[in-house]
Amino acid sequence: MKNNKKKYALVIILILFIAFFSSQCMMTRTNTESKKTVAVILPYTYNKENSRILDAIRDYSHNNSIILDVWHEKSLSSNELSSIIANEEQNHAIGILLIYPENYLTQQEKHYDYNNVLAITATMQTAFSHYAAFENSPSPSYLLPVSAQVIKKIQDGKTNCIYIKNTYKLGYESIQMLDTYSRNKYMKDISIPCHKVDKAAIESGELDALLTN
Amino acid sequence: MNNKKLSIRVLFPLIMSISIVFCILSCMILFSHYISTYLVRKTIEETSRQKNVLAQNIENEIDSINSIMNNIYYNTIKKYDIQDKNFKTILANEITSNSETIYGLALYDTDGKNLWHSNNLTSTSMQNESWFTQAKDNIETICYGSKKLVYPDNVKQVFQISRYVEYINHGKMKSGVLLMQYYTDSIDAILEHYKNTQNSYCYLLDNTSNFLYHPFIKEISSGLYKENTTKIALNSTNYSIKKLHGTKWLIERQQIGYTGWNIVLVSSLFNIHTENMGIYYVIWLLLLIVGIILVFTDILLFHDFTNPVYQLLDTMQEFGKGNYEVKAAENGIGELKTLSAHFNIMAEKLQNQMGEIRRNEREKRKMEKKLLQSQINPHFLYNTLDSIIWMIQSGEYKGAEQMVSSLAKFFRISLSQGKDIIPLEKELEHATSYLAIQNIRFKDKFEFSVQADKKLLHYLCPKLSIQPLLENAIYHGMEGVYDDGEITISVYEKDNLIHIDVSDNGLGMPEKVVEYIMHNRVVSSKRGSGIGVRNVDERIKLIYGEQYGVTIESELDEGTTATIIIPKLEETAEINSDESNKTKL
Amino acid sequence: MKTNLFSYNSILFTLIIILISTITIWKLPQTQNGYTHIGIAVYDMDDTFINDYVTKLQNKIDRSSFSGKKVLYEIFDAEGNANRQEHQLQYMYTQNFDALLINLVTPSSAASVLNETANHDIPVILFNREADKKDLSISKQTWYVGTAAKKAGAIQADMLQNVWNTDKINLDRNKNNKLDYILIEGEQTHFDAVRRTNGFLENSQNLPLNQLTNLSADWQRNLASVKFSKLDTSIIQSAEAIICNNDDMALGVYDYYKQHNLKLPLILGINNSPEMNQKIQAGEIYGTVDNGTSDQISYICKLLNDILNKDTAKYHKIWYSKPFAIEK
């Protein structure tokens, strides 16, 4: 009988240990959220035109627990690009975003055939499997952020209307596409129409948020 | 065996376990429910507190804006004539010293015509602007209008704040409207510090439900996000919990004093769930373990308790199979132990009783065997056959013939086809046959007579009852007698019982001899049946009961009378069939 | 009995397996990012000094090796807007940066930022826009790297003294034996503005200075030009020297003079921006003070490396680079 009791006691002690360790495990696991990684390759010098794109990417990443690996490159050959992509894939990146690669890719005639790469580009749409770009627009077209002088000119009537390219939307949809790609393995090209801005549009106040700096 | 399914060993722990499981489950459910309501309540409290702080901060900012406005009004506009040079310089200074926060100031008369404006503003008439009409209609308060886009060197936004003023123009006091365009930065800073995330954010609505501040305003303008909580917020008083896109959201609203703006805080309750998953897991695990341990313990304990019962059960089964030597192990708790002990006592008693019954049976068998045996006593047969041969050889054919027929009758009735109880008539015949044989053999040593009540002859009587008494009478009673011996058999009814007397007029027996004969297996002579008087007595007692039997009365020199007392028993089919079954053994 | 033993043993076995797997899962480290992340928050990339600073910083980071791991940095431009920087900082706190380099828009509200970084346990190097010492002491993992602003101002005074001593004739245009100058100050509450001015004034006790006027142009070239143009023309014309707290504002004043085709006075700035340097070499602007930005950047990279190696005990909280004069 005593032997029996010992056996039962052993089982119960084991169960208690399991309970203790598993609850510790649960506590630590739930406190740290798992984050995804996205690689972003930017031109080397800071350009204000990319600022709204980066704003959108950061806003989306903040809300969707994504960590960005940001690379600043002066010039990349096709081999160097593939080595960066390979490194990032080893780092568990769910996708790679190239921002205006025409500024740093040396071999622009080549076709870059990567499934997990999305290029935000103005001139290299055909070089990549997936791209994000603005539709062609009549001039005068401006990228966000638009300077105060331009708006003043519209307000004063010196310019009739302008077309703005919503770089915020471009950046946001690009990283959103990479995020959904990581889930569905499906990526398609993004083409964003330009927004016509005239005096009435400014006065309506709809675009205030985009125009403010 | 066929009740195995309803075995108490399985049923009882099963019921206990089911009830434990039920209790634990209900505990789990209650706990989860309580904790989730508690957490939700805590979140509501927390959000309320933050809401109050935010509202307070915004109200403080509004206060300071109001004081700037009032300062400008009371210290400049009310004091100086607008034509006065001081008017313009002081106001210009005011603007330059506050250039970080004030974009522009302008003064209008009641028709909307511009009287003075700071550098950034223009002199267009503002008659139709809402802030203008509002200020005109509410002369006591400062009106907070909608936002406007301005673009000095950066594109920024300002609040249009207006109030009714009285200004002096050429010495005359006139009514007008003062407009201040105040940068939204300070209010934005307060709301920016809330640390807005997708699951917990706040936004500010003006009194026409337009967004004054929204953390995702850029996404909203780009068509990437839609704010669904505005209507719900405005309809609820303090807070409301609504299910949007599949998860529950907490929406709290507070109205900002003085301006009629509304601050709305939105929190996702789903996050609380996942963040606190650890607590849920620990509690469920704890309850689960408690449940398992309880179930384990109750099964164990129950087995411990019922083991002795099952051992007892096994013992009883063995006992029932016929293994009467088994004893139950006396272990167990409390009453279970006494159960085993009492069972053992009962088993012993049963054993003893069975032993006794076996003994009695053996005795009976013995006696019946003897009876059987005696039914054919060889000595009597030899002697009588000898006598017959002698008589035939002597030419006493009549005597031999009588002896042979008497012997035949004697043995026929002795056997009586195996019956042990025969009618009294037959028993008397048997007795008389015996007497006749003995009479011839003893050469008329004695005389005998039979006096029987005819009414009693059909009653039953154990066979070979009278003959042993006759044996006694002949061999002991007739000892000292030569030719006037008398043996009388009388059968009469007394006290509703049948009495059979065998009397002789011999020497009689002293008391001691009577005792001796009654209590010992005295066989008078081997020449007789070999059954003693005691045997007859015992048989009668065995068959009829203790109150019947044989009694002997004797008087020395007078004679001896042996009396058989039996009840009146009539012949029925059953009695003899039982009897015949017995003797068949 | 045999079956009982078997089932007991198997239960024991499964329980031990579960226990071991639970412990391994608990101890298992989650997948870590293989790169070092650094955030660089800048108050306004339109400020040429800062723009230059950041470019130099980028170059230096790319050339340095930080204990074998590749360093990826992100640049955040607040465009002079405190709310924008606050938004960016909130993003930075949650992004698992290994260190932050922050150039605050409003150094006076450094405390809330430093409290947050202390809560998230992120090491911070503040640069160029100095916060109060008390605020810096909030967390052990906070340092400030900047310029000895007072020394820069003093060097300006030295340069002026030099010219006064050697070329008084040309300098004193109106021949009143006084050096008439206009002071153009940077952002009003900025530590560097206060110190540079203070350094200049204290070190120029020997000069017969006469301050015609002063104005604050927020370090901005445009604003300096605009505000300067609003000055009284008589003042402008009698100005013999323009002492500016930084190069951008000096260039703004230079712009004004060029626009109006006026004779350039002696202009002094601080920063040694490329354009300023070019104009100094061309002889149009007299001189500037180099703040030792290269030294600052080397120091920042060294500090960063030691932060990543968790070896920061020997560093002082505040470090200034040594300024030196730049003349033709």
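## Helix H4 of chain C

In the predicted model described here, helix H4 (residues 110-119) of chain C has C:Ala110, C:Val113, C:Leu114 and C:Thr117 buried. A residue is called buried if 20 or more other C-beta atoms lie within 10 Å of its own, exposed if 12 or fewer, and partly exposed in between, with C-beta atoms placed from the backbone. Viewed down the axis of H4(C), the buried residues fall within an arc of 95°, so they line one face of the helix; the arc is that of the directions from the helix axis to the C-beta atoms. An α-helix has 3.6 residues a turn, so residues three or four places apart point the same way.

Against the buried residues of H4(C) pack helix H3 (82-93), strand S3 (99-102), strand S4 (124-127), helix H5 (133-136) and strand S5 (142-147) of chain C. C:Asp121, which follows H4(C), has a positive phi, near 65°. Helices (H or I, at least four residues) and strands (E, at least two) are DSSP runs, numbered from the N terminus.

## Conventions

Residues are numbered from 1 along each chain as its sequence is written, while chains are lettered from A and ligands numbered from 1 in the order in which they are written. Local features need pLDDT of at least 70 and side-chain atom pairs count only at pLDDT 80 or more, whereas totals for chains, interfaces and linings use all residues.

## Domains of chains C and A

Chain C is assigned domain 1 (36-146 + 293-322) and domain 2 (149-290); such bounds come from an automatic or database domain assignment. The C-alpha centres of these two domains of chain C are 30 Å apart. Eight residues from domain 1 of chain C and 11 residues from domain 2 of chain C form the contact, where two residues are in contact if their C-beta atoms, placed from the backbone, lie within 7 Å. On the domain 1 side there are two nonpolar, two polar and four charged residues. Here Ala, Val, Leu, Ile, Met, Phe, Trp, Tyr, Cys and Pro count as nonpolar, Asp, Glu, Lys and Arg as charged, and the others, Gly among them, as polar.

Chain A is divided into domain 1 (1-32) and domain 2 (33-211), with 52 Å between their C-alpha centres.

## Interfaces of chain A

Between chains A and C, 28 residues of chain A are in contact with 31 residues of chain C. On the chain A side, helix H1 (2-31), helix H2 (51-63) and strand S2 (66-73) each supply at least two residues, and H1(A) gives the largest share, 11 residues. This side of chain A comprises 12 nonpolar, 13 polar and three charged residues.

Chain B contributes 29 residues in contact with 29 residues of chain A. Among the elements of chain B that each supply at least two residues to this side are strand S3 (142-150), strand S4 (156-169) and helix H8 (277-321). The largest share, 10 residues, comes from H8(B). By class, the side of chain B that touches chain A has 15 nonpolar, eight polar and six charged residues.

## Overall form of chain B

Chain B has 16 helices and 17 strands. Its radius of gyration, taken over C-alpha atoms, is 67 Å, well over the 25 Å that the globule rule gives for 585 residues, so chain B is more spread out than a compact globule; the rule is 2.2 Å times the number of residues to the power 0.38. Along the principal axes, the C-alpha atoms of chain B fill a box of roughly 200 × 40 × 40 Å. Of the 585 residues of chain B, 29% count as buried.
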